[in-house]
Amino acid sequence: MTSSFLLTMIVRYDLPQDKIPTTWYNILPDLPEPLPPPKDETGKAFEVLKEVLPSKVLEMEFSQERYIKIPEEVLEKYLQIGRPTPIIRARKLEEYFGNVVKIYMKMESHTYTGSHKINSALAHVYYATLDNAKFVSTETGAGQWGAAVALAAALFHIKAHVFMVRTSYFAKPYRRYLMQMYGADVHPSPSEFTPYGREVLEKDPNNPGSLGIAITEAVRYALENGGKYVVGSVVNSDILFKTIAGQEAKVQMEMIGEDPDYIIGVVGGGSNYAALAFPFLGEELRSGKVRRKYIASGSLEVPKMTKGVYKYDYPDTGKILPQLKMYTIGSDFIPPPVYAGGLRYHAVAPTLSLLMSKGIVEARDYDQETAFAWAKLFSQIEGWVPAPETSHALPIIKEIADEAKRTGEKKTVLVSFSGHGLLDLANYAEVLGFK
């Protein structure tokens, strides 16, 4: 094969491990206006935060420092679990759409736990150990965040308690088994393990659970037993920890010689999409002109992206944490038991919500059947099986391709491929009717 022919066949772009970024990016100083501050209507919520969050994490939540140095202990673990992750060009999907778009996927599925969640779990758990926490606790929907916290806890030699939304606990047993392989204790939420969980179950023994309920259980358990709570999305500190992915992608796209016209992905709480988009968007916000289009999608069954209201709301159902201004469909919302468990949260991260309110980030919602049909098609064309959550980004590519056909302008798309679906095959089988 000639070298010119090989160049037209390349699909994988790797960043050498010695080129891994050494800072996280914080978008707060680059937002078009200051982020609305949290509200404490009970007079107790801020004290809860001070007690339950790792102290360094709480400090970073309000930091105005644009770039924050990644501790060597965390960098070492990033390298151990598979970072930097590759960018894969989806050439066969490009052909399917008539070669009117170039599609580059930042493959967070290549981490040991199969998703982007480990990027912030390592940081949260590391900072919890600096506070000499007895254990860490957290919530999880689909199980990706729970698996990440379980692995991070194992690597930093601390116990993990994971409160898994009850419907996912039973629908996604292999994610639960993965957490248990890493040594975590996993509790179906609402659970009999905490007073709050027992209170919820007493009112409704068949409650399928929600991320809001699981958050309350995880927070209260940490508060009452000397642990630290690690939060897997929504808050700014979690997003900035995950920007290691976007920082890598910026370098990789420059290495490839491409500049994306669109940056797309899915939103559960917002950290996956923001982690990829913010390093690119921040640069544009500082220049005073946003050229790229930023489009994020969610679940139509939990329509916070398109039907949510931008207002102050509680991040947890038990209403013990401060209120945040965000797009929300209500902290009491009990989502239907769709299989994209990571998209079942009731609200959108405050930073991402602010950008949505300004029209800088566009929103879409797709129903489960539509997203899963695209997941099956994508698997047959590209070979990768996306996580149910990730599949909700795929219809956006068709929208972009249709627009490119109309205008005759070829576009370049960067996608956050947030995780693989190899542990979700039973869920795909049920919806898609496999025998």
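## Overall picture

Contact here means that heavy atoms lie within 4.5 Å. Among contacts in the chain between residues at least 6 apart in sequence, 78% join residues at least 24 apart. This is a predicted model, in which local features need pLDDT of at least 70 and side-chain atom pairs count only at pLDDT 80 or more, while totals for chains, interfaces and linings use all residues. Residues are numbered from 1 along each chain as its sequence is written, and side-chain values use heavy atoms, with hydrogens and water left out.

The chain holds 20 helices and 15 strands, where helices (H or I, at least four residues) and strands (E, at least two) are DSSP runs numbered from the N terminus. Its C-alpha trace spans about 65 × 50 × 40 Å along the principal axes. For 435 residues, a compact globule would have a radius of gyration near 22 Å, and the 20 Å of the chain agrees with this; the radius is taken over C-alpha atoms, and the globule rule is 2.2 Å times the number of residues to the power 0.38. Of the 435 residues, 63% count as buried, a word that stands for under 20% relative accessible area, whereas exposed stands for over 50% and partly exposed for what lies in between (1.4 Å probe, protein chains only).

## Helix H11 and its cover

Helix H11 covers residues 211-225, and its 15 residues, at 1.5 Å a residue, should span 21 Å, which agrees with the 21 Å between its end C-alpha atoms; the expected span is 1.5 Å times one less than the number of residues. H11 is mostly covered, since eleven of its 15 residues are buried, among them Leu211, Ile213, Glu217 and Tyr221. What covers these buried residues includes helix H2 (45-52), helix H10 (195-203) and the strands E6 (135-140), E7 (159-165), E8 (185-189) and E9 (228-229). After H11 comes Gly226, with a positive phi near 80°.

## Helix H9

In helix H9 (residues 173-181), the buried residues are Pro173, Arg175, Arg176, Leu178 and Met179. They pack against E6, E7 and E8, and also against the helices H7 (144-155) and H8 (166-171). Gly183 follows H9 and has a positive phi near 100°.

Val415 lies in strand E15 (residues 411-417) and counts as buried, at 3% relative accessibility.

Leaving aside neighbours within four places in sequence, Lys250 is in contact with Pro279, Phe280 and Glu283.

## Backbone details in the loops

Most residues other than glycine have a negative phi, and most peptide bonds are trans. The peptide bond from Arg83 to Pro84 is cis, with omega near -5°, and Pro84 lies in the loop between helix H4 (72-80) and strand E4 (87-89). Another cis peptide bond, with omega about 5°, joins Ser189 and Pro190, the latter being found in the loop between E8 and H10.

Asn99, in the loop between helix H5 (91-96) and strand E5 (101-107), has a positive phi near 55° and is partly exposed, with a relative accessible area of 40%. His157, in the loop between H7 and E7, has a positive phi of about 60° although it is not a glycine, and at 74% relative accessibility His157 counts as exposed.
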